[in-house]
Amino acid sequence: MSATVFTNVSIYDGTGSKPFPGEVRVEGKRIIAVAKTPEKLPRDGARLIDAGGMTLMPGLIDGHSHLCFISAIDRIQKDEMPPMERHFYYMLHNAKTLIDYGFTSIYSGGAVRPALECALRDEVKAGWVPGPRIKASSFERSVSGERNKWEMSYDEALQFVRDMVDTGVDSLKLVIDGHGARNPAHWEDLNYDEKTISEITRQARENGMSTSAHTFTAGGIKRGARCGIRVLYHCQFADEEALDLISARGDDVFVGPTVGVSYAGREEALKRANGNEEEARQKAGGFRIMDAYHKVLPEFRKRGFKLTIGGDYGFPFNPIGRNARDLEILVKEFGFDPAEALTYATKNGGDIMGMKEELGLIKPGYLADILLVDGDVIADIGILQNKDKLAMIMQEGKEYKPFRARQALPMAAE
Ligand SMILES: [Zn+2]
């Protein structure tokens, strides 16, 4: 069995503790041992990687992006529903882009072609194509994936579950309120009654599937929280009662604020209004959502909600590959502690993937999804958006991006 020992690393282990100097030993697909300096690990039969003080941390985990949306950071595209034969390649490119940027897992925020997403998941899992480990999602629109159709009757919902079980998805996505994000006039609309949502979550559990929901408004969040939805997305307009309902679910629910897409929406609106904030504010939902996040995010944190990152990446103005920007936004705009924000992308990430006993931490027994970052991720969390600073990417013990030592500078200044 292949073994690697990383020495001279600063270990961010995913628990929210500050990084510490130490060593990590990997055998096969798993982390076998972690030591804190001055303790040393056995080197027998192992390849040694002296990382020169780089940060060693868990692979990043996105909790809400769209592999089926076709804009990647180096390939911005406007059409939303390409023909199948092109869509397939765009998704391959998205998967490769995600892992190139250090994301070794993704819990999908919704598919437009669920069967394609399942096939990609299986190909990655079997090692035929590069990409993050995928939890594949259902359609995120109507039963049939029809656009501009949001409501679902009880009978349609049951058919939807049967179809998605047959397709083999890992998660069912419901748009409980609104017509997506772009149409503020409909944000408050509720698309399913409680009986329907409860039956969907019951059947999902019975079939070993997760559930997630688009919930912008207090009404939507309450419905999702009461009816057992496992992952509540967005949640920016939560009121006190909605917050209490989430609290009452305890460990049983995730909250996925999607700051990345709203930040990008605000940025775009400002650009279009030539920097005139008043004008941009009139037109863009992104402003209202960011303002709302300033009110609710401190509350989410105070109540200890299980937060995840995943800013709805895949749109032309918010492409796949920029996913780590969520972390910088949480720290710089919302004042989160960087070591804590990183737990949303690591420890809580493993949890949302349904793998909390073996994914998201640097800990003996955990899968060796490991990044070596040439820099201090706590002092500069933005560094995670720079793929050139990722000196190694390991996924289940395989070096996807082989280790590259820091290049010696002509004037190696300390
Ligand atoms: Zn989304």
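**Exercise 1. Burial in helix H5**

Which residues are buried in helix H5 (residues 218-226)?

Solution. The model is predicted: local features need pLDDT of at least 70, side-chain atom pairs count only at pLDDT 80 or more, and totals for chains, interfaces and linings use all residues. Numbering starts from 1 along each chain as its sequence is written.

Step 1. Helices (H or I, at least four residues) and strands (E, at least two) are DSSP runs, numbered from the N terminus. A residue is buried if 20 or more other C-beta atoms lie within 10 Å of its own, exposed if 12 or fewer, and partly exposed in between, with C-beta atoms placed from the backbone.

Step 2. Apply them. The buried residues of H5 are Gly220, Ile221, Lys222, Arg223, Gly224 and Ala225.

Step 3. Find their partners. They pack against H4, strand E10 (210-217), strand E11 (231-237) and helix H6 (240-249). Contact here means C-beta atoms, placed from the backbone, within 7 Å.

Step 4. Look past the end of the helix. Glycine 228 follows H5 and has a positive phi, near 85 degrees.

**Exercise 2. Leucine 190**

Solution. Step 1. Leucine 190 sits in the loop between strand E9 (171-175) and H4.

Step 1. It has 18 C-beta neighbours inside 10 Å, so leucine 190 counts as partly exposed.

Step 2. Leucine 190 and glycine 220 are 30 residues apart in sequence, yet their C-alpha atoms are 6.5 Å apart.

**Exercise 3. H5 against H6**

Describe how H5 and H6 cross.

Solution. Step 1. Their axes come within 9 Å and cross at roughly 20 degrees. Axes are lines fitted to C-alpha atoms, for helices over the stretch in contact, and angles run from 0 to 180 degrees between N-to-C directions.

Step 1. H5 is therefore roughly parallel to H6. Angles under 35 degrees count as roughly parallel, over 145 as roughly antiparallel, 65 to 115 as roughly perpendicular and the rest as oblique.

Step 2. The crossing of H5 and H6 is left-handed. That term applies if the near helix is turned anticlockwise from the far one by less than a right angle; clockwise gives right-handed.

Step 3. H5 contributes Ala218, Ile221, Lys222, Ala225 and Arg226 to the contact, and H6 contributes Glu241, Ala242, Leu245, Ile246 and Arg249.

Step 4. By class, the H5 contact with H6 has six nonpolar, no polar and four charged residues. Ala, Val, Leu, Ile, Met, Phe, Trp, Tyr, Cys and Pro count as nonpolar, Asp, Glu, Lys and Arg as charged, and the others, Gly among them, as polar.

**Exercise 4. H3 against H4**

Treat helix H3 (residues 154-167) and helix H4 (residues 194-206) likewise.

Solution. Step 1. The packing angle is about 15 degrees, with the axes 10 Å apart. So H3 is roughly parallel to H4.

Step 1. H3 passes H4 in a right-handed crossing.

Step 2. Tyr154, Ala157, Leu158 and Val161 of H3 meet Lys195, Thr196, Glu199, Ile200, Gln203 and Ala204 of H4. The contact of H3 with H4 has six nonpolar, two polar and two charged residues.

**Exercise 5. The whole protein**

State the secondary structure and burial of the protein.

Solution. Step 1. The protein has 12 helices and 16 strands.

Step 1. Of its 414 residues, 51% count as buried.

Definitions and conventions
Contact = placed C-beta atoms within 7 Å.
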